[in-house]
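Open the model in your viewer and keep the selection tool at hand. This tour goes stop by stop: select, look, move on.

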Amino acid sequence: MAMLGKPPAILVLEDGTIYRGYAFGCPGRTVGEVVFNTSMTGYQEILTDPSYHGQIVTMTYPHIGNYGVSVYDMESNRPFAKGFIVREFSRTASNHRSNQDLQSFMEQHQIVGIEGIDTRALTRRLRDGGVIKGVIYHGDADEEEVTALVADAREHEDIDGRDMTPEVTTPLPYARPTFKENPRVVVVDFGIKHSIVYKLELAGSEVIVVPAQTTPAQIMALNPYGLVLSNGPGDPDGPKYAHDTVWQLLGLLPTYGICLGHQLLGLAVGGQTFKLKYGHHGANTPVKNVITGAVEITSQNHNYAVSMDSLPGQQFQATHINLNDDTLEGMAHVRYPVFSVQYHPEASPGPHDAGYLFDRFIEEVNAFEGASALPAVKFEGRV
Amino acid sequence: MPRRDDIKTILIPGSGPIQIGQAAEFDYSGTQACKALKGVGYRVVLINSNPATIMTDPEVADRTYIEPLTLETAEQVIETERPDALLPTLGGQTALNLAKVLHDQGVLERFGVELIGARYQAIHKGEDRQAFQEAMARIGLQTPQGRMATSLDEATDFVREIGFPAIVRPSYTLGGTGGGIAYDEESFKRVVTQGLHNSPATTVLIEQSVLGWKEYELEVMRDHNDTVVIICSIENLDPMGVHTGDSITVAPAQTLSDKEYQRLRDDSIAIIREIGVDTGGSNIQFAVNPEDGEVVVIEMNPRVSRSSALASKATGYPIAKIAALLAVGFHLDELPNDITKETKAAFEPSIDYVVTKLPRFAFEKFPDTPNDLGTQMRSVGEVMAIGRTFKESLLKGLRSLELDVRSPVRKCPTERLEAQLSPHPGRLPVLLELLRRGKSVQLLCERTGIDPWFMAQLCEIVEAEREIATLPEPERWDQELWREIKRVGFSDSDLAAIIGRSPDELRQLRLAQGSAPVYKTVDTCAAEFEAYTPYHYSTYEWEDEAAPSTRDKVVILGSGPNRIGQGVEFDYATVHAVWALREAGYETIMVNSNPETVSTDYDTADRLYFEPMTFEDVLNIVEHERPAGVIVQLGGQTPLKLARTLTEAGVPIWGTPAEAIHEVEDRDRFHALCLRLGIPQPRGGAADRPDDAKALAAEIGYPVMVRPSYVLGGRAMKVIRNGEELERYLEEVYAELSEAPSILIDDFIEGAREVDIDAISDGELVVVAGIMEHIEGAGIHSGDSACITPSVGLNPGIERALLNYSVRLTETIGVRGLINIQYLVRDNEVFIIEANPRASRTIPYLSKAIGHPLAKYAARIAAGSRLADLGLTETPRLRHYSVKEAVLPFTKFTGVLPVLGPEMRSTGESMGIDRDPDLAYWKAQLGAGVRLPSGGKVLLVDDPDRAEQLELLEQDLHNAGFAVARTSGAAPPQSSGYGLLIDTVHTPLLRQALENGIPYATTVEAATWTVRALQKATSSRLGVTALQDLFADVAVTNPD
């Protein structure tokens, strides 16, 4: 029956739901946690965002691949998403920035895709039923094979409670070459997007990216004027070591946490995180800055959130609130230049409304006079 | 900040009569604004001269002035109502210009009226080309190189610097009126001259051309808290060079990477801040060089626009409503998103479907005008279609146009198709056909400048057609195959054409396999949140989201794309039907394909299906919803022509039965009926051969009205005065047509007046709601002639005959609802011309004239109510006169003489209400944008046939203090300096007057009324009256 000679593929969820469609990308089979993203642009940035490590991404916008793939739009060196689900995959890429079409990009990086399914029905399923594991399989699966695929999905390791950072962090520290005399900022890579590094540089800093498990002593030895806790995949409860690192460094340096970095900060100071039903993945979420009253449209990609009630009130205050569901989107230390946001000020993809946070951080970095000038702090909020 | 309490009363100007470039979308935005502001407790005062609008219904605003949108009347309204604020951003260019003039003349200051939504400076910066370019330069954005010119010389000097092609844009006009692309000095001269004429500020912008660049629009909202959100991005399939109103446009943008899109977003936010639009919606247009991504800003509208209406329908985000609320102080994060309820209006819609808008043109009405498209908008309406893919939405859009797009290109030789690749209304079908014939995507992209992505999509449609043609016979298609085929977007008729079967047969086979569409929801959030708004579109996928309720329901069919002869008045009628049936306790279900409407607002009906108005798409909905009835008689020809097939398919049609409709549409049966009822008809008949025609004409007696039996755009309809003329006519017709049509010949009753009546019947009682006497004589299409009600020139005997015939006919046909009947009256004789048992074009006008919402009554009758229950049992007696005047699009069609004829060409209408008939006429003229002079010179063209009447007019003009100059048609055109032209012989002077904005009369009747109005106006002051005061004694029912 296949129209236009498209090869068959199937998506099987762990609850036994199946969606039959067509294969695209790299032939094969893949398993992961199925999530959806409502951004209408930026599929390449999404695929290459390490925060999607272990996840199969469904794009709600039906046409994907229209403008190809560009070397300038990589958010890391390779795609991290485990699979890609779209309504209609575009065989023609048309854009002057395009270096490659999406098909060959996915083949090159061995990303398995499925197209032609009712992605809206799937999205509604994920919205109502919550995040679920699934398998994409290229080929015509019969009943027996489907049963096996369901079992695969069920047996696949859960993301909850796991530490995924070792799988995505840089193996070695690296510095970005710079000719400017800018203050040094150390970025802890829990699965960083390139845009964060780029925006930090643009705002005026020398960036050194270090592996996730770099110790506080090693970080301080680099003589930084600022610390950035990057985004990354998985459950913030997983990388326990990071909670310690953050706690030990708290108050020593101007600190800026993004997404997973924000959650790690929250956990480090004694807060709690919880898993959202289906997460926030898109480029249109309104966030209110409760200090200024301004509203910004933000790029979001997270399944976990810091519980607002769990914040140690005498230490941290909420600075940003999600206007859709009132979850915590940003917080700041009441005394130290330490703040973090749940969303993605570096955008890519998404709106640039929150770009000011990079400038604000660099202001703090510039105002910072070196670690020795900081008061010694005995932080008591930790559980 | 919550709502402002220092403001109590808000004045909202509407956009006046429908014209090209400013159409029904402003009824939609104005209505939303009125409802929203009333809803939060403000007193809303509305002025609009266009009666065919929902916003001018007495229930929509607190005070409704159907008055001209001029400085003088607006000032009177302000003086009477003392508004605290004026909201000028929802009535199109007309409202913005009015606000500007009220400000310039100090009226706003004098009465302490605050401009809200957009300040004066912002309007100026957004609208004035030079100020706009300077503003863009300040924020580092590029605009096409350009310079303002106030004279042809100045313009020519500059164009020599930048070279051709060059774009000419007049300041402060709508739809680019008077603008164009010039390819050489000669065309440049012509376009600049026209542009200078059309610009109220006599300035044009000469601009470097970015022809062929990709074109984008972003819809932006801003509140007092400086929160800015982008509601929608739109990409034009037709690259730069075609006015966006005439382009096929797609939402969201398809060929921009995130980096590029975000850049346009950043630029848009910077622009709305720099221009200083405090609150509300703006529309910003960009051109992007496909070679290197270079961006230039083309223009911005500091107001709600046609594109905003499209963006609202495309995303489900109610831009006009929110804009109105922001203007009175609300912030975006304080307003709920109606669709999700739980989330806020401060967000950017994410959509999970593709929306395509296709323009609908009316070039067939102007056969002498070339149909190439440029920077001046000439489409008269549009359709929007929603599909899960671009291909599906495009194919749905194509069939929504209600045109045969397939057969004209099928027979056309390839070379001729290849010669049709420059922009024109039929380019898309040409492209599809050339792809079918194997032309490459690359070649067609090069020849058209259309982005390869779009062309590849067209090619995929053609490839799918090819594959379908090679499939085994459809009896062997299984459910899955059917779904795969249908989800490309093909209709059963498309498939029938591909494989050579009948659409009916295919439908049966498809249903036998259980392949029916599912309905998805437009929810602003790509399913991220639960949606509560029942706004749906069809597709062929797995999951249906629109499970029907268990309530009793009625489907109301809308009127499809606006076109000449079927405009906003039918949307008006269908909206009333929705309100009436909801009042009567039914669940109302609206089906329509036209985004420029109130009917497709998601909160008009209980449920909205945005779908093509074809038999297949409508029947699918009926089968899905299983309504108790379907209403077809209120949406004009589009739903009416479905009545028969729907009835045959077993669909319960409410109101006048299809059979009755057919009885009056069939010439012979109608003739027999009139004979039986003793209603005189003009003598007439049909002839199959030229000789028969001559004999028949001689038998009837000259003059006769002739036309071919099938319509040729009215070109071939003519008044013939003798045998010679008939011979010439027949030669022309037969030369032009390959198949000889039969010729219909009717007695042309010279000197007769034309009269329209609208009647309503509940099956037992018939009430003639009004007699509308035409101003112009017979031979001019009733849609184009002015009319007055109650009549002024009919004696009681004639009126009795009209009432008697109308009641008898209506009863006999078995009308349940509305009927429009047209008569000719000469001396003491009455002849019937035609009858249409449905809502007519005059229903909104008449409803407002008599203070009874007739369309609403018709819907209630369809659902079983009696006229007695509704409070209309006899023809209302009125103490005031209402004149309707037509508005015609002649300025947009170069070289056309602005003369009325048997073919309808008007796009809209105005209404003038006054206790004095002549002043009502005067107001209708003002409302139509005609500025009659109060003194000075009148130019009169000699007309030997009407010498006596003109003599009288001349005397009257002298008496009223006017100077009169005479000219013969043969003499060279007089220099200007006259304020009114009376030309009943139709010389080129008319075109000259039109282009110079000088009022003109083309018939003795119109001239007579005009002169009488001039006389009256010099001796009396025009007053203003609110609709609510006119019918203080008539009980008005609330729509909600």
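Predicted model: local features only at pLDDT ≥ 70, side-chain atom pairs only at ≥ 80, totals over all residues.

**Stop 1: a strand in chain A**

Now extend the selection to β18 of chain A, residues 328–333, which is joined to β19(A) by three bridges and runs antiparallel to β19(A). The two strands make a hairpin, with four residues between them.

Pick A:T255 to find one of them: its bridge partner in β19(A) is A:V338.

**Stop 2**

Zoom out. Colour residues 3–155 of chain A as domain 1 and residues 165–373 as domain 2. Their centres, taken over C-alpha atoms, are 29 Å apart. The contact between them draws 23 residues from domain 1 and 25 residues from domain 2.

Select β3 (29–37), α1 (43–47) and α3 (119–129) of chain A: these elements each give two or more residues to the domain 1 side. β3(A) gives the most, with three residues. By class, that side holds nine nonpolar, ten polar and four charged residues.

**Stop 2: where chain A meets chain B**

Show both chains. Here 44 residues of chain A are in contact with 51 residues of chain B. On the chain A side, select α3, β15 (273–289) and β16 (295–306), which each supply at least two residues. The largest share, five residues, comes from α3(A). In all, the chain A side divides into 16 nonpolar, 18 polar and ten charged residues.

**Stop 3: a sheet in chain B**

Trace the open sheet of seven strands in chain B, in the order β14-β13-β10-β11-β12-β15-β16, with antiparallel pairing. Its edge strands are β14 (295–301) and β16 (381–387) of chain B, each pairing on one side only. From one strand to the next, the twist averages 25 degrees.

Select β13 of chain B, residues 280–288: six bridges join this strand to β14(B). B:N283 stands opposite B:N301 in β14(B).

**Stop 5**

Most residues other than glycine have a negative phi, and most peptide bonds are trans.

- Select B:A251 and B:P252. The peptide bond joining them is cis, with omega about -5 degrees. B:P252 is in the loop between β12 (249–251) and α9 (258–275) of chain B.
- Go to B:T789 and B:P790. The bond from B:T789 to B:P790 is also cis, with omega near -10 degrees. B:P790 is in the loop between β30 (787–789) and α29 (796–813) of chain B.
- Find B:T524, in the loop between β17 (518–521) and β18 (535–539) of chain B. Its phi is positive, about 65 degrees. B:T524 is buried, because 27 other C-beta atoms lie within 10 Å and the cut-off is 20 or more.
- Bring chain A back and pick A:Q110, in the loop between α2 (102–108) and β8 (112–115) of chain A. Its phi is near 55 degrees. A:Q110 counts as partly exposed, with 13 C-beta neighbours inside 10 Å.

Note on methods: Residues numbered from 1 in each chain as written. Chains lettered and ligands numbered in written order. Domains from an automatic or database assignment. Contact = placed C-beta atoms within 7 Å. Nonpolar A, V, L, I, M, F, W, Y, C, P; charged D, E, K, R; others polar. Pairing = 2+ DSSP bridges. Axes fitted to C-alpha atoms, helices over the stretch in contact; angles between N-to-C directions. Buried ≥ 20, exposed ≤ 12 C-beta atoms within 10 Å, placed from the backbone.
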